[in-house]
Amino acid sequence: MWDSAGLIYSGTYTEVVNTNAPMDTIPYWFRGTRLNFAENILFSADGNDPSRTTTRNKEDSKIAVTEVREGNTEMRNMSWGEVRRRVGLLSNAMRARGVKKGDRVAVVASTSFDTFICFMAIVSLGGLFSSSSTDMGSKGILERLLQIRPKFLFADDWAVYNGKTTDLRPKIAEIVEGMKVVQEFEGVVLQPRFAGRPADTEGVPRAMKLEKFVEAANGDEKLVFERVEFRDPFIVVYSSGTTGIPKCIVHSVGGVLISMLKEEKLHKEMGPDSVMLQYTTTGWIMYLVSIQSLVSGSRSIFYDGSPFVPSPQAFLSILSTQRVTDFGTSPRFLHELQKHNITPRKDFDLSALRSVCTTGMVLSNALFEWFYDTAFPPSVHLRNISGGTDLAGCFGIMNPLEPVHVGGCQGPTLGTRMEVYDSLIESGPGRAVPDGEPGELVATASFPNQPVFFWGDESGERYHSAYYARFPHVWTHGDFIQYHPVTGQVLFLGRADGVLNPSGVRFGSSDIYSVIETHFLEVADSVCVGQRRPQDSDESVVLFLKMKDGERFTDGLVERVKRKIGEERSKRHVPRYVFETWDIPATVNGKKVELPVKQILSGKIVKPSGTLANAQSLQFYYQFAKVEEVLQKMKEEKERRTKSKL
Ligand SMILES: CC(=O)CC(=O)SCCNC(=O)CCNC(=O)[C@H](O)C(C)(C)COP(=O)(O)OP(=O)(O)OC[C@H]1O[C@@H](n2cnc3c(N)ncnc32)[C@H](O)[C@@H]1OP(=O)(O)O
């Protein structure tokens with residue numbers, strides 16, 4: 001890949017990687033080379049000299065990015081020339097305001113041009129970019145920002161989603177208040193959601209408008225790229241587990257670039273004529289995917305808003321009007337189309353469309369069938385992929401050389417030694433299962449896009465325990481998988497941990513527990529799991545509350561819990577069901593155990609592990625495998641009580 005990828009870099013390496021170093025020591029790849037992320041996105045390499053750049057396939061007048069806002073009424077193009085000029089201007093403004101290599105700039109914003117320009121500007125200086133979406137609550141955002149301590153926060157002034165317009169300034173003001181303790185934080189830059197109509201900064205302390213911020217560049221649009229070492233960091237992304245604050249996962253410039261080029265060139269065959277529309281918010285790793293397609297000179301369309309408003313058809317019409325070649329979406333979106341009998345191939349000109357990529361949750365077999373039987377032209381490549389934030393890439397991925405079979409992903413990604421380990425082995429050296437049997441997804445050798453560290457985790461302990469605690473020197477990803485014995489496709493059978501995943505939006509149960517622990521002192525303990533039974537098309541989040549002695553579980557409490565989670569995290573975090581429980585399974589060491597509860601709710605019979613201190617507690621949860629019956633009983637009970645009161 002190094003020789004053929006077309007990277008822009010300087011320096012040379014003597015060793016690709018030390019293959020004798022265990023992967024948990026995060027071996028150095030391509031040591032001695034220097035490169036810049038933004039430079040590789042904004043230019044192409046000169047074929048004769050990789051340290052020189054050209055604008056080949058990225059000519060000044062060619063359209064680089066298109067911005068489409070909910071409802072399709074706001075649609076704008078930006079050429080490569082303008083992108084470069086605006087990145088130059090903003091990066092010079094940042095430099096003039098003291099931003100330098102290693103500094104962090106965060107955004108809370110939509111997938112707009114402004115966010116993209118900001119991303120490129122900070123990384124052109126050798127700084128780190130980090131984005132959160134506007135639907136996140138201020139508490140969740142602060143948990144991230146207080147860890148990474150950005151110099152500036154770029155934030156949208158307004159958001160439009162589901163037909164609703166929200167003034168984000170009160171939320172931003174709360175964030176600024178929370179950031180008081182961060183010495184290096186210089187303030188907020190408000191990005192205008194409505195082009196040419198920036199909101200005033202009143203009510204938001206330490207804020208200035210974007211147009212004011214760029215004045216510091218004095219009109220200087222010249223781009224100067226700081227080439228950094230291959231494994232220097234350029235982005236921080238986040239994931240939450242079952243305990244503690246979010247993990248701030250730091251990825252390296254070189255690792256992600258080479259992995260991206262591998263995906264774009266070999267797995268996806270993207271080129272300068274490709275047009276990519278990836279539906280995402282800035283809070284998901286798919287945002288990086290919407291940027292990565294630019295590396296090969298493709299055009300990327302940034303959509304902002306709900307794909308269902310004003311109608312799924314309005315959203316789908318972008319595929320034909322913009323001649324989209326590669327569309328990225330989610331199983332949940334395809335399911336909605338199927339549910340509403342929408343057949344894109346009948347209603348739209350999809351002659352440009354080459355592929356539809358789905359990710360985030362398992363794509364059901366029924367959707368594979370529907371996709372080809374009913375919905376999309378047979379020539380379109382259905383590409384289901386799986387990977388994640390932790391690797392800014394994929395484990396299971398598309399393969400243009402082989403057929404698509406129903407279920408899972410076509411195969412493993414190149415350059416990553418992915419294996420399946422026996423899931424019954426809980427610790428100590430792992431063992432690969434015989435071919436075709438299910439087990440834990442692991443990586444047994446270093447790959448370039450391993451994250452380099454977690455921000456703020458000086459000892460490396462959190463990093464180590466996130467991936468390497470189960471099997472020594474082996475990355476355990478947390479997915480149960482199986483290679484199909486005949487086709488070799490990778491079947492994803494579910495998460496091996498308590499990560500929640502409704503509609504493909506992932507978050508950790510700790511996001512929920514911290515809200516309960518902070519605001520609901522009448523609750524003694526809680527357990528939050530995802531329920532997805534064979535008959536369910538999506539995962540439901542179910543929260544159980546154990547009340548303190550003498551405290552009552554009431555409808556009012558449920559309502560307050562849901563409201564608070566919505567405010568502090570996001571509406572996407574709000575549990576579908578909240579029930580009372582009497583006991584929460586825990587290990588003999590007192591650690592709450594979610595997995596058996598999740599499995600029971602999802603219709604499985606669980607053999608309790610010997611490490612459970614209160615195995616009998618599991619019995620209570622079996623009734624919720626038929627949650628509809630529980631709800632019906634509760635309703636009847638309530639009616640009976642109301643009647644007897646009357
Ligand atoms: C390689 C890998 O493996 C990597 C990955 O997995 S990356 C993760 C990939 N995941 C995905 O792509 C996720 C796919 N899912 C989706 O895109 C969305 O669930 C969906 C768009 C399909 C569903 O949308 P939806 O039905 O509107 O629900 P959702 O978007 O969840 O909205 C829920 C609530 O949040 C609100 N909301 C969402 N975004 C908002 C925003 N920016 N501002 C304000 N409110 C917002 C909505 O208004 C809604 O509230 P109301 O009910 O009061 O209206």
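Predicted model: local features only at pLDDT ≥ 70, side-chain atom pairs only at ≥ 80, totals over all residues.
1. **Domain layout.** The chain splits into two domains: domain 1 covers 9–480 and domain 2 covers 500–644. Their centres, taken over C-alpha atoms, are 32 Å apart.

2. **Extent of the interface.** Contact between the domains involves 22 residues of domain 1 and 23 residues of domain 2. About 1,900 Å² is buried between domain 1 and domain 2. Carbon and sulfur atoms give 41% of that area. Three residues stand out on the domain 1 side: Lys139, Thr242 and Met361. Together they supply 28% of the area that domain 1 buries against domain 2, more than any other three residues.

3. **Polar pairing across the interface.** Two salt bridges are found between domain 1 and domain 2. The polar contacts across this interface come to 10 residue pairs, both partners at pLDDT 80 or more. For the side of domain 1 that touches domain 2, helix H4 (138–148) and helix H10 (331–339) each supply at least two residues. H4 gives the largest share, four residues. By class, this side of domain 1 has 12 polar, five charged and five nonpolar residues.

4. **A salt bridge to inspect.** Arginine 569 and glutamate 143 meet through their side chains in a salt bridge. The N to O distance is 2.9 Å.

5. **Ligand surroundings.** The ligand is surrounded by 22 residues. The closest are Tyr161, Ser503, Gly504, Lys571 and Arg572.

6. **Polar distances to the ligand.** Which ligand atom is 2.4 Å from an N or O atom in the side chain of arginine 572? An oxygen atom of the ligand is. Glycine 504 takes part through its backbone: a polar atom there is 2.8 Å from a nitrogen atom of the ligand. Threonine 134 uses its side chain, where an N or O atom is 3.1 Å from a nitrogen atom of the ligand.

7. **A cis peptide bond.** The bond from valine 309 to proline 310 is cis, and its omega is near 0°. Where does proline 310 lie? Proline 310 is in the loop between strand E18 (299–304) and helix H9 (312–321).

8. **A positive phi.** Isoleucine 26 has phi near 50°. That is a positive value in a residue other than glycine. Isoleucine 26 sits in the loop between strand E1 (10–11) and strand E2 (33–35).

Terms used: Residues numbered from 1 in each chain as written. Heavy atoms only, no water. Domains from an automatic or database assignment. Contact = heavy atoms within 4.5 Å. Buried area = accessible area lost by both parts, 1.4 Å probe. Salt bridge = Lys/Arg side-chain N within 4 Å of Asp/Glu carboxyl O. Polar contact = N/O pair within 3.5 Å; in protein donor to acceptor, adjacent residues only side chain to side chain. Nonpolar A, V, L, I, M, F, W, Y, C, P; charged D, E, K, R; others polar. Near = heavy atom within 4 Å.
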